[in-house]
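Hello,

Here is the structure I promised to pass on to you. Have a look at it first, and then read my notes below.

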Amino acid sequence: MRNRNGHNHYLHLKNAQIIPSAGLRATHDNMKDVLDVKGMMCVHGAAGLGKTLSTTASLHELAPDATIRVQFRSRPTPSDIRTLLFEQLHIQGRMPALAAERDNLLKKVLSERFRAVVCDEAQWMSTECFEYCRHLWDDDQTDMAIIFVGGGDCYRVLRREPMLASRVFIWQEFKPLTQEEVITYIPAYHPVWTNADPDDILFVNTHAAHGNLRAWAKITAHTLIGVQRADLETPNRDILRWVFSRLGGMYD
């Protein structure tokens, strides 16, 4: 899978690479199978483990022209989902006033060609929202796969609704990087770690990062500031402890 720099990384971390962790590789393989059968998938796990990044990278390779994303920052309603889908599908004209007419138009557009619909931050979705997505997917005319990406609440809501759970083709749980993955991939994740002592990398992971990719991004950003101020290329323990002092409760 091609590595990509830039805005997909937390904090827009410059020169950060997408690392081929077990979670990313599994996402790519699972996503391919879900797209092939035009099914539903649930990608779930704790915050910061790389769910969205892995999903985005996989779909960028597998369905670059077919992916649309609806993302929520608070609890949406089915009406909110309709509105976001209209925007993401670039439907021309005004939305019909009646919900039934809006749904008919959405189904028509979703039948014209295949789409992979990603519902990100799906832990905010209610049972009614999940049911609405199922309603669109179940329609005989629509041509789509749906990928729900979210935290544990997303998993629990889907699992406790048999009508929904029975339609999910693949469930994928994201877990923290193992110590072996940290040693293998962090030196390639960012140049600041390329020549770092493996014991220092494990020191960071044990005391602060805990296999969490978002935590690694945050620590890397602080480490870059530290080495630049110290006029070094590679962090030492003094710099790492200074980084930890900025992390508040993250450090133990």
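**Aromatic rings**

The whole structure contains four aromatic pairs (rings of Phe, Tyr and Trp, the last by its six-membered ring, with centres within 6.5 Å; planes under 30 degrees apart are stacked, over 60 edge-to-face, the rest tilted). Please keep in mind that this is a predicted model, where local features need pLDDT of at least 70 and side-chain atom pairs pLDDT 80 or more, while totals for chains, interfaces and linings use all residues. Residues are numbered from 1 along each chain as its sequence is written, and side-chain values use heavy atoms, leaving out hydrogens and water.

Trp-193 is in the loop between helix H8 (179-189) and helix H9 (198-209), and Trp-216 is in helix H10 (residues 213-229), 23 residues apart. (Helices are DSSP runs of H or I with at least four residues, numbered from the N terminus.) Trp-193 has a relative accessible area of 0% and is buried (under 20% relative accessible area, with a 1.4 Å probe and protein chains only).

Phe-203 and Phe-244 form a tilted pair, with centres 5.4 Å apart and planes at 35°. Phe-203 belongs to helix H9 and Phe-244 to helix H11 (residues 237-245), so the pair ties together parts 41 residues apart in sequence. Both Phe-203 and Phe-244 are buried.

Happy exploring!

Technical notes. Helices (H or I, at least four residues) and strands (E, at least two) are DSSP runs, numbered from the N terminus. Buried means under 20% relative accessible area, exposed over 50%, partly exposed in between (1.4 Å probe, protein chains only).
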